[in-house]
Structure formats: C-alpha cells, structure tokens
Amino acid sequence: MGPNWAHLVRFIGEEDGQTHLGEVDPNKYPDVGIAILNGERVAVKLIKGSIFDGRVTDTTMHIARVLPIIRCMGLNYRDHAKEANMPIPDVPVVFIKPRTALNGPHPAKINVPKIAQDGSSDYEAELSIILSKTGRDIPESEAMEYVLGYTCSNDVSARTQQFKNSQWSFSKGETDWLPHYLPSPLVLSFTQS
C-alpha cells in the first residue's frame, strides 16, 4: 500500500524534539515558512511510516523546525551556462550537497560563511525533484513512477570557491544553503510548452 499524504513536511516536533513526518493542511497553512515567520504555531497530522508508505494519523504535533526531505545537476540550463561563461557540456555536471546544506523554507536564514563573503555569493531558483525509490536505466515511460514530489529550492553558491576546482560540493554545500518544501505530485500539475 502506498502513502496517503498529500502535503508532506519533515520536521522536528515541538513536543519531543524528535524528527517526524507530518501532513500539512494547505488550506490553513498554504506556506509553512510564512506561517512560522508570522509567529504561528503550525500544527500537522503525524505520519506513521516512511515517505514511501506513510499513513496520516489523527495525532497532532507542532513544528519546532522544518527539515527538508541530494544529488544535483549543474549547467543543465543553457542560458545559465552562458551567463557563467562556462562551456555547455554534453551531459550535465553532477555533484552532491551534504545533508547539512538542507534548510527550512522561508523564514530560514541563509548564513554566508567568511570564505564566501567576497561578493561572489550567488543563488539560483531551482525546481527540485524528490525521488520515491532507487532506480537505474529507467525508461522514460516509467519515469513518473519514481517521482515522490517536487519542491522549489534555492541553490546557493560561493562562486569564487566553485571556479577554483571542478568539484562543486564545497562551494554549494555550506550549512543551510538549500531551503525547500515538498507537495505530493498528486496535487500538482505541469504544462509542457
């Protein structure tokens, strides 16, 4: 049996200081980050199980801190590659961000460390795809079976450090440099143009 959640949030519970999964009521909290910024005490229904098989319960908990649920691709947007004066690769650049780069949605603060305070810190709005299961050599016709959800992310970079070498994990993986929120693909629709 699959999960029955539609608006997942991974969070630290106010009640116990532990990490949990919860179902957000989007009618009450259309933007969890803004609700928290406004000083609201955000209530969620506890999810029992994992993101893959979790069931929403009647237990209510409150969010003390949001924990986003990290393989990344770079230079996959031609305009951005040109803007950065980088050659367009035959395949996108693949890199990782450490778990510590994950950050909550707004109003989470993005701390810029001393090494990146040289005026080269940059950000990029990204559409992130959260996978629901592992896979390899997945046919295009089955690709959506592997999608758990989508989120908007803020990919923060220390550009001076990034261009010093070919490994981007250090320059893009500083603590709290990847804020986001996860809705289910069942509640989203996309239009191709």
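Modeller: Helices (H or I, at least four residues) and strands (E, at least two) are DSSP runs, numbered from the N terminus. By that rule, the chain has four helices and 11 strands. This is a predicted model, so local features need pLDDT of at least 70 and side-chain atom pairs pLDDT 80 or more, while totals for chains, interfaces and linings use all residues. Residues are numbered from 1 along each chain as its sequence is written, and side-chain values use heavy atoms, with hydrogens and water left out.

The chain has 193 residues, and 38% of them are buried. Buried means under 20% relative accessible area, exposed over 50%, partly exposed in between (1.4 Å probe, protein chains only).

Now the close look. The structure holds one salt bridge, meaning a side-chain nitrogen of Lys or Arg within 4 Å of a carboxyl oxygen of Asp or Glu. Its partners are Glu14 and Arg41, at 2.6 Å from N to O. The two sit 27 residues apart, in distant parts of the chain. Glu14 is in the loop between strands S1 (7–13) and S2 (19–23). Arg41 is in the loop between helix H1 (32–37) and strand S3 (43–48). Glu14 counts as partly exposed, because its relative accessibility is 38%.

Arg41 has another polar partner: its side chain and that of His62 make a polar contact of 3.4 Å. Such a contact is a pair of N or O atoms within 3.5 Å; within protein, one must be able to donate a hydrogen and the other to accept it, and residues adjacent in sequence count only if both atoms are side-chain atoms. His62 belongs to strand S4. With 14% relative accessible area, His62 is buried. Contact here is heavy atoms within 4.5 Å.

Phe11 and Val42 belong to the largest nonpolar core, which has 12 residues, among them Val9, Val44, Leu46, Met61 and Ile63. A core is a set of buried Ala, Val, Leu, Ile, Met, Phe, Trp, Tyr and Cys residues joined through side-chain atoms within 4.5 Å. S1, H1, S3 and S4 (55–66) each give two or more residues to this core. S4 supplies the largest share, three residues. A second, separate core has seven residues, including Trp5, Ile47, Ile130 and Leu148. In soluble globular proteins, nonpolar side chains tend to be buried together.

Ala35 is also in the largest core. Setting aside neighbours within four places in sequence, Ala35 contacts Tyr29, Glu40 and Val42.

One last stop, away from the charged pair. Asp122 lies in strand S8. Asp122 counts as partly exposed, because its relative accessibility is 26%. The C-alpha atoms of Asp122 and Val156 are 5.7 Å apart, though 34 residues separate them along the chain. Beyond four places in sequence, Asp122 contacts Asp155, Val156, Ser157 and Arg159.
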